[in-house]
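Colleague: I've just opened this one and have never looked at it before. Could you walk me through it?

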Amino acid sequence: MHIEVGIIDPVRIALANAAALSVVASQLPAVVRNPLVVPKALVSAVVFSALMQAWHLPVGPSELHLIGATTIYMLFGFAPAMLGFALGLVLQAFLFEPGDIPHLGVNALSLMVPMIAVHYSFGRRLFDARLRDRFNLGKVLRIDAVYYAGVSAMVGFWLMISNDAVAFSDWATWVAAYFPVFLVEAFITFTAVSVIKGFRANELVSRMTEVDRLTFA
């Protein structure tokens, strides 16, 4: 999902930064309603940054990364995940990749817009006690598929409006290369949530995660 600096003009970068800040601002009411969103977002940012740094591989016009998006979303919730992505990208850029600073908005939108799609399509059903949609591997695969389809679409969008012509085949190569990563991350999510649910009686786990809101088979 990483877009190299230099292929998008400054005007579009400025618009992307403004849009990303607007999305982040839209999550601030959640912080007011529940101050625990802040520590959850900080944990989400650290987990996200650690995964991003743990493994990344240049492929075609972008890079493959471990993102841990659905793991973070399932464990900490929507607002902490959204804020965690933004904070994690800032942390990563200033500590590890200063060259990414100009593209913070671009890369943030590539992560946050697909998460919005996930939450408002299938994700929030899992947290709604009235719907009783059970957490299982099939649901995780579906949510991960929606998320990575969104990330792929966002990367395609940035490449489409870039200064450099990028062949569709190069983008398709990157998308195909992400397929096994999507499967690995789905199993990571399912395993992590399944393990954490065993500790949901613990007060810290109960307060700092969303596992109590999930319905298990």
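Modeller: Let me start with two terms: helices (H or I, at least four residues) and strands (E, at least two) are DSSP runs, numbered from the N terminus, and the expected span of a helix is 1.5 Å times one less than its number of residues. This is a predicted model, in which local features need pLDDT of at least 70 and side-chain atom pairs count only at pLDDT 80 or more, while totals for chains, interfaces and linings use all residues. Residues are numbered from 1 along each chain as its sequence is written, and side-chain values use heavy atoms, with hydrogens and water left out.

Colleague: How many helices and strands does the protein have?

Modeller: The protein has nine helices and four strands, and from the N terminus on the order of its elements is α-α-α-β-β-α-α-α-β-α-α-α-β. Buried residues, meaning those under 20% relative accessible area with a 1.4 Å probe and protein chains only (exposed is over 50%, partly exposed in between), make up 47% of the 217 residues.

Colleague: What should helix 1 span, going by its 16 residues?

Modeller: At 1.5 Å a residue, helix 1 should span 22 Å, and this agrees with its end C-alpha atoms, which are 22 Å apart. Its buried residues are I13, A16, A20 and V23, and because they fall within an arc of 80° seen down the axis, they line one face of helix 1; the arc is that of the directions from the helix axis to the C-beta atoms. An α-helix has 3.6 residues a turn, so residues three or four places apart point the same way.

Colleague: And what do the buried residues of helix 1 pack against?

Modeller: They pack against helix 5, helix 6 and helix 7, where contact means heavy atoms within 4.5 Å. The face of helix 1 turned away from its buried side carries the exposed residues P10, V11, L15 and L21.

Colleague: Switching to helix 3, which of its residues are buried?

Modeller: In helix 3 the buried residues are V37, K40, A41, S44, A45, F48, S49 and M52, and they are on the same side of helix 3 because they cover an arc of only 165° around the axis. The exposed residues V46 and A54 sit on the face of helix 3 turned away from that buried side.

Colleague: S49 is on that list, so what is S49 in contact with, leaving aside its neighbours within four places in sequence?

Modeller: S49 is in contact with G88, L91 and Q92, and it counts as buried because its relative accessibility is 5%. The side chain of S49 reaches the backbone oxygen of G88 at 3.2 Å, and a polar atom of that side chain lies 2.8 Å from the backbone oxygen of A45.

Colleague: Which residues touch the most other members of the largest nonpolar core?

Modeller: They are F48, I67, F85, M115, Y147 and W158, in a core of 53 residues. The largest share of this core, nine residues, comes from helix 7. A nonpolar core is a set of buried Ala, Val, Leu, Ile, Met, Phe, Trp, Tyr and Cys residues joined through side-chain atoms within 4.5 Å.

Colleague: Last one: where does E210 lie?

Modeller: E210 lies in the loop between helix 9 (203-208) and strand 4 (215-216), and at 10% relative accessibility E210 counts as buried. Not counting residues up to four places away in sequence, E210 touches K40, M74, L75, F76, G77 and F127.

How values were computed:
A polar contact is a pair of N or O atoms within 3.5 Å; within protein, one must be able to donate a hydrogen and the other to accept it, and residues adjacent in sequence count only if both atoms are side-chain atoms.
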